[in-house]
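Subject: Structure for your review

Dear colleague,

Please find below the structure that I am handing over to you. My notes on what was found in it follow directly.

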Amino acid sequence: MLKRVWKIVLVCLAVCLVACVEDDVRRGNEALRIGDYDRAIVSFSKALDQDPVHRDARYGLALSYFSVAEEGERLHIPTFDLWKRAADEFRILSKIDSGAQVDANHSTCLFYLARAAMAKGESANVLSLLDQSIQLDSANYFSLNLKGLILAGSDDAEDVERAKQIFIHIVTSEPQFISAYVNLGNIYWNEGDVESAWDTWSMGLMKSPSHPALLRWTKIAEDSLKSKVLSGEL
């Protein structure tokens with residue numbers, strides 16, 4: 001009889017625990033929806049204290065920290081620690097759920113973390129962060145573009161060539177990603193390949209006719225080509 005009573009008690013406690021966790025998750029989602037991130041973090045954290053592998057609670061907490069970091073970006077305050085916390089939550093979440101939406105958000109988070117690390121002067125691990133980001137989402141052209149920019153600034157010719165291939169991949173796969181035209185043209189220009197630079201910047205200008213950098217550099221390249229023609233170099 002006593003054993004049966006204890007079973008009933010344990011079942012009731014389990015039901016109560018599940019209900020409490022779901023209530024915390026519900027409150028967290030409501031707070032997140034209206035932008036009350038502090039309360040969302042508290043509610044999701046309470047749920048995870050009871051059930052650390054609760055997928056929705058972990059995802060909600062990751063999104064909450066992501067949103068806090070985004071708010072920091074808008075307010076122009078240092079965000080490295082905020083993005084690091086968000087990335088940590090997504091890393092834990094990846095052990096529970098590796099779905100496409102989760103991976104895409106995790107990838108975006110790592111891009112912002114890499115950018116914040118550069119702003120803070122902690123650039124040692126930026127490439128590894130970007131590689132993780134690209135591995136999670138191969139269509140994250142922001143991470144690809146930033147990786148290309150870092151490699152393009154190297155004194156190693158092989159790194160510059162890798163950067164060139166990255167930018168070529170971007171403009172081929174996502175023709176509307178205008179920064180890649182600017183960056184690819186810059187590499188050609190620095191190599192002395194004025195024709196390829198002009199071709200690249202001109203293609204970008206067709207996609208974005210009022211882009212200031214493309215307008216300026218296309219004109220510079222065009223004038224340089226005219227000068228070469230007049231001097232007999234072309």
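H106 has a relative accessible area of 8% and is therefore buried (buried means under 20% relative accessible area, exposed over 50%, and partly exposed in between, with a 1.4 Å probe and protein chains only). This residue is found in helix α5 (helices are DSSP runs of H or I of at least four residues, numbered from the N terminus). Leaving aside residues up to four places away in sequence, H106 touches A87, F90, R91 and L136, where contact means heavy atoms within 4.5 Å.

Please note that this is a predicted model, in which local features need pLDDT of at least 70, side-chain atom pairs count only at pLDDT 80 or more, and totals for chains, interfaces and linings use all residues. Residues are numbered from 1 along each chain as its sequence is written, and side-chain values use heavy atoms, with hydrogens and water left out.

S107 is also found in helix α5. Its relative accessible area is 0%, so S107 is buried. Its contacts, again not counting residues up to four places away in sequence, are S133, L136, D137, N140 and S143. S107 and Q132 are 25 residues apart along the chain, and their C-alpha atoms are separated by 7.3 Å.

Helix α4 covers residues 80-94. From its first C-alpha to its last, this helix of 15 residues reaches 21 Å, close to the 21 Å expected at 1.5 Å a residue (the expected span is 1.5 Å times one less than the number of residues). F80, W83, A86, A87, E89, F90 and L93 are the buried residues of α4, and they pack against α3 (55-74) and α5.

Helix α7 comprises the 12 residues 141-152. Its end C-alpha atoms are 16 Å apart, which agrees with the 16 Å that it should span at 1.5 Å a residue. Buried in α7 are Y141, S143, L144, N145, L146, K147, G148 and L151; α5 (100-120), α6 (126-136), α8 and α9 are among what covers them. At the start of α7, a side-chain oxygen of N140 comes to within 3.3 Å of the backbone nitrogen of F142.

How do helices α8 and α9 meet, and at roughly what angle do their axes cross? The axes of α8 (residues 157-173) and α9 (residues 178-190) come within 9 Å and cross at roughly 145 degrees (axes are lines fitted to C-alpha atoms, for helices over the stretch in contact, and angles run from 0 to 180 degrees between N-to-C directions). On the α8 side, the contact is made by V160, A163, K164, F167, I168, I170 and V171, and on the α9 side by A180, Y181, N183, L184, I187 and Y188. These residues divide into 11 nonpolar, one polar and one charged (Ala, Val, Leu, Ile, Met, Phe, Trp, Tyr, Cys and Pro count as nonpolar, Asp, Glu, Lys and Arg as charged, and the others, Gly among them, as polar).

Helix α10 (residues 194-207) has among its buried residues W201 and L205. The cover over the buried residues of α10 includes α9 and α11 (212-231).

Lastly, D56 lies in helix α3 and counts as partly exposed, at 37% relative accessibility. D56 touches V25 and F44, not counting residues up to four places away in sequence.

Yours sincerely

Methods
Helices (H or I, at least four residues) and strands (E, at least two) are DSSP runs, numbered from the N terminus. A polar contact is a pair of N or O atoms within 3.5 Å; within protein, one must be able to donate a hydrogen and the other to accept it, and residues adjacent in sequence count only if both atoms are side-chain atoms.
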